[in-house]
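Work through the exercises below using the structure. Each one has a stepwise solution.

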Amino acid sequence: RTQAAPRPLDAAFVDAATARLAVYLGPIAKVLARKAAQRTTSVDEFLRLVADNLGTQERAAYLREMGAGEP
């Protein structure tokens, strides 16, 4: 079985993801997103890292909004 290549992380995506995350977490979203972006170059890993800061329902909604599948 082949695994899809990881989607590369870019600044525009980080900005969009941060803005969406701020809806749930407020200003701290910027700090959390910056730290997550420093830890990975993959969109999917980045989303997993920032979504770990959300509750179960918020996490599912956030990942859906950002175009990620359920973990």
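**Exercise 1.** In this predicted model, classify Tyr62: buried or exposed? Then classify Tyr24.

Solution. 
- Tyr62 has 0% relative accessibility. The cut-off for buried is under 20%, so Tyr62 counts as buried.
- Tyr24 has 21% relative accessibility, so Tyr24 counts as partly exposed.

**Exercise 2.** Find the aromatic pairs and state their geometry.

Solution. 
- Search the whole structure: two aromatic pairs turn up.
- Take Phe13 and Phe46. Their ring centres are 6.4 Å apart and their planes stand at 75 degrees. Planes over 60 degrees apart count as edge-to-face, so this pair is edge-to-face.
- Locate the two residues. Phe13 is in helix α1 and Phe46 in helix α3 (residues 43–51), 33 residues apart. Phe13 and Phe46 are buried.
- Take Tyr24 and Tyr62. Ring centres lie 6.2 Å apart, with planes at 90 degrees, so this pair is edge-to-face.
- Tyr24 sits in α1 and Tyr62 in α4, so the pair ties together parts 38 residues apart in sequence.

**Exercise 3.** Describe how helix α1 (residues 11–25) packs with helix α4 (residues 56–65).

Solution. 
- Start with the axes: they come within 11 Å and cross at roughly 155 degrees. Angles over 145 degrees count as roughly antiparallel, so α1 is roughly antiparallel to α4.
- List the contacts. Ala17, Arg20, Leu21 and Tyr24 in α1 meet Glu58, Ala61, Tyr62 and Glu65 in α4.
- Sort by class: five nonpolar, no polar and three charged residues.

**Exercise 4.** How far apart are Glu58 and Leu21 in sequence and in space?

Solution. 
- In sequence, 37 residues separate them; in space, C-alpha to C-alpha, 9.7 Å.
- Glu58 is partly exposed, with a relative accessible area of 35%.

Technical notes. Residues numbered from 1 in each chain as written. Predicted model: local features only at pLDDT ≥ 70, side-chain atom pairs only at ≥ 80, totals over all residues. Heavy atoms only, no water. Axes fitted to C-alpha atoms, helices over the stretch in contact; angles between N-to-C directions. Helix = DSSP H or I, 4+ residues; strand = E, 2+ residues; numbered from the N terminus. Parallel < 35°, antiparallel > 145°, perpendicular 65-115°, else oblique. Contact = heavy atoms within 4.5 Å. Nonpolar A, V, L, I, M, F, W, Y, C, P; charged D, E, K, R; others polar. Buried < 20%, exposed > 50% of the residue type's maximum accessible area, 1.4 Å probe, protein only. Phe/Tyr/Trp six-rings, centres within 6.5 Å; stacked < 30°, edge-to-face > 60°.
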